[in-house]
Amino acid sequence: MIGALLAASATAFAASPPGHYSIQLNSLFTSEAQTLGVYCKARIDGGPVLRLLLDSGAERIVLDRRVAARTGRKNGSDFQLVGVGAATQCKRSAPATLQIGDLVLPGCDTLVVDGEVLEGVDGIIPLALFGDFLVRLDLPHKTLELDAYPPDIPAQGGGYTAVRVDNRLLFVRSLVNERQPGYILLDTGATYSAVSPEAASASRNYWSLANAISLHGGAGAVEGFPLPSGVRFRCGDRVISADPAVVVDLSSFKGHHPFEIAGILGYSALRNSIVTVDYRDSLVRIEGK
């Protein structure tokens, strides 16, 4: 009997076969009805249903300590979670099995933080977790479509732009306001888009006198100062409005990536777009407004 139960458990947590999977997403709102991002409902190791923020700017699943305890997660060694702001101390946890509807992904790297990850969600799920599929993130219709990779996706044509993938994060070569070159992080988990002080100065978008606001992301929040309207990112042949945008000190984040980072393309700039990501060939296509 025990052997049968173990076999059933192993079958339940077997990786899903290649194919098409459609995941329904939900909007995450603040108390002021501001949209922060999108989340999906998922289970960890067959536990309770969790609300996990979909974050292309995250490298691993992140859970807060309270949720980790509910799912039976045990903490392991110390780990420094590096984000746009100051690094956050957290704990490694054993690799998890993620279940979203019919999709099962075992062996997912998982971290546990002491405090609340973000109000309204139980944790964060990285977009890169679906890198074995061609990812189509339709933000206006709040769906995540996953498909087996076709034999070939041409780097030229089809609207795709080559990206730099570093530590599972997607960086797009860009020009900020047609002046400052550098890479921008594609970050659906960031509340706003952001630019570095150097990019803001070069493009004549200077620090405003407005009060600082929080730029939420996978590794916590960092203060930024609102910029005047008119911030634009040129990515290939597309120009994307980054308004509202803030200026943020990216120096600590830059220290972990060996190339010039000019800013962050956040959820507010992408919420009306369809983003297709080909992690296999390091390509991204952004359609829509």
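**Reading salt bridges and burial**

Q: What does R66 count as: buried, partly exposed or exposed?

A: R66 counts as partly exposed, at 48% relative accessibility. The cut-offs are under 20% relative accessible area for buried and over 50% for exposed, with partly exposed in between (1.4 Å probe, protein chains only). The model is predicted, so local features need pLDDT of at least 70 and side-chain atom pairs pLDDT 80 or more, while totals for chains, interfaces and linings use all residues. Residues are numbered from 1 along each chain as its sequence is written, and side-chain values use heavy atoms, without hydrogens or water.

Q: Which residue forms a salt bridge with R66, with closest N and O atoms 4.0 Å apart?

A: Side chains of opposite charge can pair when their charged atoms come close. The rule asks for a side-chain nitrogen of Lys or Arg within 4 Å of a carboxyl oxygen of Asp or Glu. Here the partner of R66 is D122, with the closest N and O atoms 4.0 Å apart. D122 lies in the loop between β8 (103–113) and β9 (123–126), and R66 in helix α2 (residues 65–70), so the pair ties together parts that are 56 residues apart in sequence. D122 counts as buried, at 11% relative accessibility.

Q: Where do D109 and R168 lie?

A: D109 and R168 form a salt bridge, with the closest N and O atoms 3.0 Å apart. D109 sits in strand β8 and R168 in the loop between β12 (161–166) and β13 (169–176), so this pair ties together parts 59 residues apart in sequence. D109 is partly exposed at 29% relative accessibility, and R168 is partly exposed at 38%.

Q: Which residue pairs with R136 in a salt bridge?

A: D138 does, with the closest N and O atoms 3.8 Å apart. R136 is partly exposed, with a relative accessible area of 32%, whereas D138 counts as buried at 6%.

Q: How many helices and strands does the chain have?

A: Helices (H or I, at least four residues) and strands (E, at least two) are DSSP runs, numbered from the N terminus. This chain has five helices and 23 strands.

Q: How much of the chain is made up of buried residues?

A: Buried residues make up 51% of the 289 residues. The chain exposes about 13100 Å², of which carbon and sulfur atoms supply 52%. The area comes from the Shrake-Rupley method with a 1.4 Å probe.
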